[in-house]
Amino acid sequence: MLVCPISAVIRKERLSSHAPRSSLCLLISSLLFGALLAASTVFGQEQTVDWQAQVRKYSAAQDWDSALRVVDREVARTPRDLDVRAIRARVLTWSGNLTAAETEYLEILKTSSSDPDNWLGLANVYLRQGKTVEALDALDTAVKLDPRRADLRAARARALRVAGEQNEARLEFQRALNLDPGSAEARAGLMSFRSEPKQELRLGQDNDLFNFADANRGEWASLVSKWTPHWTTSVAGSFYQRGGAEAGKFVGSITRRQPRWGALTVGGATGHDNGVIPKSEAFFELDHGWKTGETNFLRGTEIVYGQHWYWYRSSRILALTGTTILYLPREWMLSVGATGARSAFSGAGAEWRPSGITRLGFPLAAWGARRLSGSAFFAAGTEDFGQVDQIGAFASQTYGGGLRFQMTAWQDVTGYGSYQKRTQNKMDTAFGFSYGIHF
């Protein structure tokens, strides 16, 4: 027998005694089912909000393992939900697991390629991996999908700036600002171009104290001008005082940069040698670098090759130099260079002599915009060939280091010191400093 527990309600509503008792219970059951369904929907929404809140909490604390456990649990519950997969890709990116993040984004885009946010996420991964070309391709797709989004334009501008396309990056930041006048990122991007120094004026003074000759001193001034992202010029004047003799020279060079193949520098020098310095010089240098990603131990590599000719009154020098620069975490930098020099003297044959130098650069402290960094180096058989006492058949070991204090974005001071021990018990203690103005 069917029992309905709401007989009092039935009496209150004065339902017809002829209404079937089973129909009334069916109505009540439907109402109860609807209430339960609504409650479960609200509970599901609360549960969704809850797991996302957990992910945000763990991410803020950089507890990436816990954040991924929460996301993976949700992925297992709704494996076809691309929004959940996208959150997982973002957490992987934040945690620095860029290879897994790239794979996750590519899997998402295989299923659906119409969401510009996923292309933006993939581009951010590529940028952190140092894959600038791939990042620009992904951002081009995102902008095509939604050309009215200012954040996509600003992200593309950042990638163009990394690629060295400064003019195009400036235009893209302007497009972002036109779409969203309140965009702080676009405004800051444009301001960075306006405030970027184009010129560097540097004044310096050098000293060499010998145990076998009078002191050697010199003063110099240089001006480096970055006219465009592709063209840079450098001019410098140096003055020497050595044992009562005075000399001076003028040096000039021009550099052409291309993002894909690197930089080429050519230049030369001439001046009043007075038997102390070369009468004239010529040189060129090739420079190319690669980024490997900011999360790797090796952040980037740069290779420099140069040839330098020195013509003295009684000798000729050709120096072939190769240098490898390794960019390490926390702004550490290691460079290793080797030089092969061919010396030819009047009335004598020519000979080749090797030399090498290793230098380590590292940060020391930072106070806002002010930064202090240092360096240490060791050189064996090194000669710079810029003065008479630095050429000839002698061996040497040189130990030294330096400091650089960045006072503001427009001013810095550098200093160095070194000790060189040569054959025949000769020694050279060198020190100097320079002051730079950026404008």
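Which residue of β12 is the bridge partner of Gly374? The legends below describe close-up views of a predicted model, and the first of them takes up this pairing.

**Figure 1. Strand β12 pairs with β11 and with β13.**
Strand β11 (residues 370-380) and strand β12 (residues 396-408) run antiparallel and are joined by 10 bridges. Within this pairing, the bridge partner of Gly374 is Leu403 in β12. Strand β12 is also joined to strand β13 (residues 411-422), by 12 bridges and again in the antiparallel sense. Here Phe405 stands opposite Val413 of β13.

**Figure 2. Strand β9 pairs with β8 and with β10.**
The antiparallel pairing of β8 and β9 extends over 13 bridges. Ile325 stands opposite Ser335 of β9. The two strands form a hairpin with five residues between them. In the turn of this hairpin, Arg330 has a positive phi of about 55°.

**Figure 3. Glu331 and Asn425 have positive phi angles.**
Most residues other than glycine have a negative phi. Glu331, which is not a glycine, has a positive phi of about 65°. Glu331 lies in the loop between β8 (315-327) and β9 (333-345). With a relative accessible area of 59%, Glu331 is exposed, because the cut-off for that class is over 50%. Asn425 is likewise not a glycine, and its phi is positive at about 60°. The loop that holds Asn425 runs between β13 and β14 (427-438). Asn425 has a relative accessible area of 57% and is therefore classed as exposed.

**Figure 4. A nonpolar patch on the surface includes Trp227.**
The patch is formed by Trp227, Trp231, Ile254, Trp261, Leu264, Val266, Leu286 and Tyr305. Together these residues have about 760 Å² of accessible area. Trp227 lies in the loop between β2 (216-226) and β3 (231-242). The relative accessible area of Trp227 is 55%, so this residue counts as exposed.

**Figure 5. The second largest pocket holds about 220 Å³ of space.**
Its lining consists of Leu127, Arg128, Gly130, Thr132, Arg158, Val162, Lys291, Gly293, Glu294 and Arg299. Two helical elements, α6 (116-128) and α8 (150-162), are those that give two or more residues to this lining.

**Figure 6. Arg149 forms salt bridges with Asp117 and with Asp151.**
Side chains of opposite charge can pair when their charged atoms come close. In the salt bridge between Asp117 and Arg149, the closest N and O atoms are 2.8 Å apart. Asp117 lies in helix α6 and Arg149 in the loop between α7 (132-145) and α8, so the pair ties together parts that are 32 residues apart in sequence. Asp117 is partly exposed, at 37% relative accessibility. Arg149, at 18% relative accessibility, is buried, because that class covers values under 20%. The side chain of Arg149 also meets that of Asp151 in a salt bridge, with an N to O distance of 2.7 Å. Asp151 counts as partly exposed, with a relative accessibility of 34%.

**Figure 7. A salt bridge joins Glu172 and Arg153.**
The closest N and O atoms of Glu172 and Arg153 are 3.2 Å apart. This pair links distant parts of the chain, with Glu172 in helix α9 (residues 166-179) and Arg153 in helix α8, 19 residues apart. Glu172 and Arg153 are both buried. Through salt bridges that share partners, Asp140, Arg153, Arg156, Glu168, Glu172 and Arg175 are joined into one network. The count for the model comes to 20 salt bridges.

Technical notes. Residues numbered from 1 in each chain as written. Predicted model: local features only at pLDDT ≥ 70, side-chain atom pairs only at ≥ 80, totals over all residues. Heavy atoms only, no water. Patch = residues over 30% accessible without salt bridge, like charges linked within 9 Å, V, L, I, M, F, W, Y side chains within 5 Å. Areas by Shrake-Rupley, 256 points an atom, 1.4 Å probe, with all protein chains shown as cover. Salt bridge = Lys/Arg side-chain N within 4 Å of Asp/Glu carboxyl O. Helix = DSSP H or I, 4+ residues; strand = E, 2+ residues; numbered from the N terminus. Buried < 20%, exposed > 50% of the residue type's maximum accessible area, 1.4 Å probe, protein only. Pairing = 2+ DSSP bridges. 1 Å grid on protein atoms, 1.4 Å probe; cavity = no way out; pocket = protein on both sides within 12 Å on 5 of 7 lines; lining within 4 Å. Points joined across faces, edges and corners; volume = space filled by probe spheres on them.
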